[in-house]
Amino acid sequence: HDAVIYTPGSQAGIPLNVLQSLEAPRGSFDDDAEDLRDEIAGIVSGILGLLGIEADPLQSREFILLSNLIEVAWRKGRSLTLEGLITAVSDPPFDKVGALPLESVYPKRERQGLMLALNNLLASPGFAAWREGEPLDVARLLRAPDGRPRLSIVYTAHLSDPERLFITALLLDKVKTWMRQQGGTTELRALVYMDEIYGYFPPHPANPPTKRPLLTLLKQARAQGVGVVLATQNPVDLDY
């Protein structure tokens, strides 16, 4: 086995390039539309969490705008950077959101605040490490280049709570998308182990971005040979 420790936002261990997750997926968007929209939701929720913005998928104009910007780019096979996302907020490639004009839903003068917040995040010296290192690629996390099974540890203890939720939700959504691309099997293909589950899978009504992909994995991953182990010293940390 090959054991590797990845550390988002830090130069200790092997850094993990989180923002490379804005790269367009391979293949047709429509083939994996549901899972890719979940990935987009995780990315957007995480970015807005870092900005201190409540990311309600139905109420947040910021969430709706950023999600649409990423989906439009991915459908065209075009990757995004954070710089590109900031530019797209200023000048989106669409005129309507749902049935209403974009300027009625989210006028440009009001989008300036989101642009400035994203730019401050981009300019932050501590955020530079998030853009360097290995891509968040599940196949590479599970197998070494020579094909040997790999134990990959994503270490997040040095991060703030919003950063940990962002990274973990993004990783879980990536695992879910990878899982759905695998054929069915009765053999164990991969194992997802999470220590200290407190805060990631809490009872209702709490709904952090990690809860949705975890619930999907617990319900469906076995059919594709993916096991899930969640560890806690306190059972009430878990949803019912």
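Predicted model: local features only at pLDDT ≥ 70, side-chain atom pairs only at ≥ 80, totals over all residues.

Tutor: Residues are numbered from 1 along each chain as its sequence is written, and side-chain values use heavy atoms, with hydrogens and water left out.

Student: What makes α2 roughly perpendicular to α3?

Tutor: Helix α3 covers residues 82-90, and α2 packs on α3 at an angle of about 115°, with the axes 10 Å apart. Axes are lines fitted to C-alpha atoms, for helices over the stretch in contact, and angles run from 0 to 180 degrees between N-to-C directions. Under 35 degrees counts as roughly parallel, over 145 as roughly antiparallel, 65 to 115 as roughly perpendicular and the rest as oblique. So α2 is called roughly perpendicular to α3.

Student: Which residues make that contact?

Tutor: From α2 come L65, L66, L69 and I70, and from α3 come L85, A88 and V89. Contact means heavy atoms within 4.5 Å. By class, the contact of α2 with α3 has seven nonpolar, no polar and no charged residues. Here Ala, Val, Leu, Ile, Met, Phe, Trp, Tyr, Cys and Pro count as nonpolar, Asp, Glu, Lys and Arg as charged, and the others, Gly among them, as polar.

Student: And why is α3 called roughly antiparallel to α5?

Tutor: α3 and helix α5 (residues 108-123) pack at an angle of about 170°, with their axes 9 Å apart. That angle is why α3 counts as roughly antiparallel to α5. Among the residues making the contact are I86 of α3 and L114 of α5. The contact of α3 with α5 divides into seven nonpolar, two polar and three charged residues.

Student: How do you know which space is a cavity and which is a pocket?

Tutor: On a 1 Å grid over the protein atoms alone, a cavity is a set of points where a 1.4 Å probe fits but cannot get out; a pocket is an open set with protein on both sides within 12 Å along at least five of seven lines, and lining residues have an atom within 4 Å of a point. The structure holds one cavity of 30 Å³ or more. The largest cavity is lined by R61, I64, L65, V97, L102, V105 and Y106. α2 gives the most to that lining of the largest cavity, with three residues.

Student: What is the volume of the largest pocket?

Tutor: About 1,300 Å³ for the largest pocket. Of its 37 lining residues, S152, L171, V192, Y193 and M194 are the closest to the centre. α7 gives the most to the lining of the largest pocket, with nine residues. The lining of the largest pocket divides into 25 nonpolar, five polar and seven charged residues.

Student: Where does Y193 sit, and what does it touch?

Tutor: Y193 is in strand β7. Leaving aside neighbours within four places in sequence, Y193 is in contact with V229 and A231.

Student: What makes E196 and P205 stand out?

Tutor: Most residues other than glycine have a negative phi, and most peptide bonds are trans. E196 is not a glycine, yet has a positive phi of about 55°. The peptide bond from H204 to P205 is cis, with omega near 10°. E196 lies in the loop between β7 and α8, and P205 is found in the loop between β7 and α8 (211-220).

Notes. Points joined across faces, edges and corners; volume = space filled by probe spheres on them. Helix = DSSP H or I, 4+ residues; strand = E, 2+ residues; numbered from the N terminus.
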